[in-house]
Amino acid sequence: MSSVPRLVIAAPASGSGKTTVATGLMAAFAARGLAVSPHKVGPDYIDPGYHTLATGRVGRNLDAYLCGPELVAPLFLHGARGCDLAVVEGVMGLYDGAAGEGELASTAHVAKLLGAPVVLVVDASSQSRSVAALVHGFVSWDPEVRVGGVILNKVGSDRHEALLREALESVGVPVVGALRRAQQVSTPSRHLGLVPVAERRSAAVDAVADMAALVARGCDLEALEALARAAGPLPGGSAPWTPASPTLHPTRSAGRPDGLSASAPVVAVAGGSAFTFSYAEHTELLTAAGAEVVTFDPLRDEELPEGTAGLVVGGGFPEVYAAELSANEPLRKAVAELAGSGAPVAAECAGLLYLCRELDGQPMCGVLDASARMTERLTLGYRDAVAVGDSVLAAAGTRMRGHEFHRTVVEPGAGAAPAWGVRAPVRRVEGFVQQGVHASYLHTHWAARPGVARRFVERCRTS
């Protein structure tokens, strides 16, 4: 298990074509009959949706800031169980990590933690011989990062490709692919990145097929597979992460096929096009803690799942669907009633907006006495946070790391009982804790704090 063949797809900078190459490579390998494990460096929720389409397996994130470096290899092995090969898409430029934290959470950092060879995707559209200096710099910057191949993207012609290949001969890194400029695959973007798969399912399927064809035509799949298989064992002899522990199953029973007892609390998790941001490990942790997890769509379902004892509303794009969410008045009332009963409710970012009184003038659930609106300003970055008081997710003083990524603002930004005290970029309090509700802009990864899921499910049993 610790010697899973693996590649990290990186680039000198954002916009070089990492997502196209990584997703296309996943799909091309899958088309050859390989079981491919898809991964994404960093907190990105959108790219893993395309990875899932490409491989038929859940796309998973590897974030050394949110989860800590020590969990990167175990989470990778958890996702790669039973797979023939893993492809990891990087984030930003190869050496770009958490601001002010050196290499932490960079693609290079994750590649070293995994002992994985790196394939560098270079936008060659405006250069020829200079590509050698660029690649040489990335190869030599950190000797512990092994750049095992280069894929030339946006190549203009056969002559252009020949010049690029000739220049790179002196660097000693093989060219394992060249993709023509005219063959680029277009995927629509919006204010926070690509449009999620859930919003354009049919078109996304076609886009992934186009990426696979592009990569299969322009890349040496045999050489890339050989590079992946040369990776060797992961450093440190890591074991796969697991959501389960001996203390997590007080309601398990052999009487039901799923192992849950009839008293397993139902935790409703928002999904559908408006709420697409979630980590697979959250659902796995809730299930391991004894909950029966049921997904519902706030755009279409007028009732919460039967027997709902707790509610999780993650991130997404409620601002895009504000009118439709508002029009579903029966569900908004059901959410308000659940929250008013004191039942546990955990809301992150989009979930926070949904619980507000209004969003861009459209009535929302009214659980929180706050209003939300779109702005031109992007709020983006990692955050160190501490729980200000006790809540359904954490005891006062619990420290967690999170990530903010939004163009909205909530007024006021914190309730009488805030959710978090945040250290960066400035010290402030943020979010709302009231009755059983914990609502905040902060995206967190519960694998770093499994007790969050256990605490939430226990509150679902007792509330």
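Me: Which residues is Ala347 in contact with, leaving aside its neighbours within four places in sequence?
Reply: In this predicted model, Ala347 is in contact with Val313, Leu352, Leu355, His438, Ala439 and Ser440, once its neighbours within four places in sequence are left aside.

Me: Where does Ala347 lie, and is Ala347 buried or exposed?
Reply: Ala347 lies in strand E13. Its relative accessible area is 2%, and because buried means under 20%, Ala347 counts as buried.

Me: How far apart in space are Ala347 and Ser3?
Reply: From C-alpha to C-alpha, the two residues are 38 Å apart. In sequence, 344 residues separate Ala347 and Ser3.

Me: On to cavities. How many of 30 Å³ or more are there?
Reply: The count comes to two cavities of 30 Å³ or more. The second largest cavity holds about 50 Å³ of space.

Me: Which residues line the second largest cavity?
Reply: The lining consists of Ala347, Glu348, Leu393, Trp420, His438, Ser440, Leu442 and Thr444. Two elements, E13 and strand E21 (437-440), each give two or more residues to this lining.

Me: How many of the lining residues are nonpolar, polar or charged?
Reply: By class, four residues in the lining of the second largest cavity are nonpolar, three are polar and one is charged.

Me: How is such empty space found at all?
Reply: A probe the size of a water molecule is rolled over the atoms, which shows where empty space is left.

Me: New topic: helix H13. What span should H13 have?
Reply: Helix H13 covers residues 451-462, and at 1.5 Å a residue its 12 residues should span 16 Å.

Me: Which residues of H13 are buried?
Reply: The buried residues in H13 include Val452, Ala453, Phe456, Val457 and Cys460. They cover an arc of only 125° around the axis, and therefore sit on the same side of H13.

Me: Which strand is Val269 in, and is Val269 buried or exposed?
Reply: Val269 is in strand E10. Val269 counts as buried, at 12% relative accessibility.

Me: What is Val269 in contact with, leaving aside its neighbours within four places in sequence?
Reply: With those neighbours set aside, Val269 is in contact with Val293, Val294, Thr295, Phe296 and Val312. Val269 and Gly310 are 41 residues apart in sequence, and their C-alpha atoms are 8.7 Å apart in space.

Me: Now helix H1. How many of its residues are buried?
Reply: H1 is mostly covered, with 12 of its 14 residues buried. Among them are Lys18, Val21, Leu25, Met26 and Phe29.

Me: Last one: where is His109, and is it buried or exposed?
Reply: His109 is in helix H4 (residues 107-114). With a relative accessible area of 9%, His109 is buried. Leaving aside its neighbours within four places in sequence, His109 is in contact with Ala64, Pro69, Glu103 and Leu104.

Terms used:
Residues are numbered from 1 along each chain as its sequence is written. This is a predicted model: local features need pLDDT of at least 70, side-chain atom pairs count only at pLDDT 80 or more; totals for chains, interfaces and linings use all residues. Side-chain values use heavy atoms; hydrogens and water are left out. Helices (H or I, at least four residues) and strands (E, at least two) are DSSP runs, numbered from the N terminus. The expected span of a helix is 1.5 Å times one less than its number of residues. Buried means under 20% relative accessible area, exposed over 50%, partly exposed in between (1.4 Å probe, protein chains only). The arc is that of the directions from the helix axis to the C-beta atoms. On a 1 Å grid over the protein atoms alone, a cavity is a set of points where a 1.4 Å probe fits but cannot get out, and a pocket is an open set with protein on both sides within 12 Å along at least five of seven lines; lining residues have an atom within 4 Å of a point. Grid points are joined across faces, edges and corners, and a volume is the space filled by probe spheres set on the points. Ala, Val, Leu, Ile, Met, Phe, Trp, Tyr, Cys and Pro count as nonpolar, Asp, Glu, Lys and Arg as charged, and the others, Gly among them, as polar. Contact means heavy atoms within 4.5 Å.
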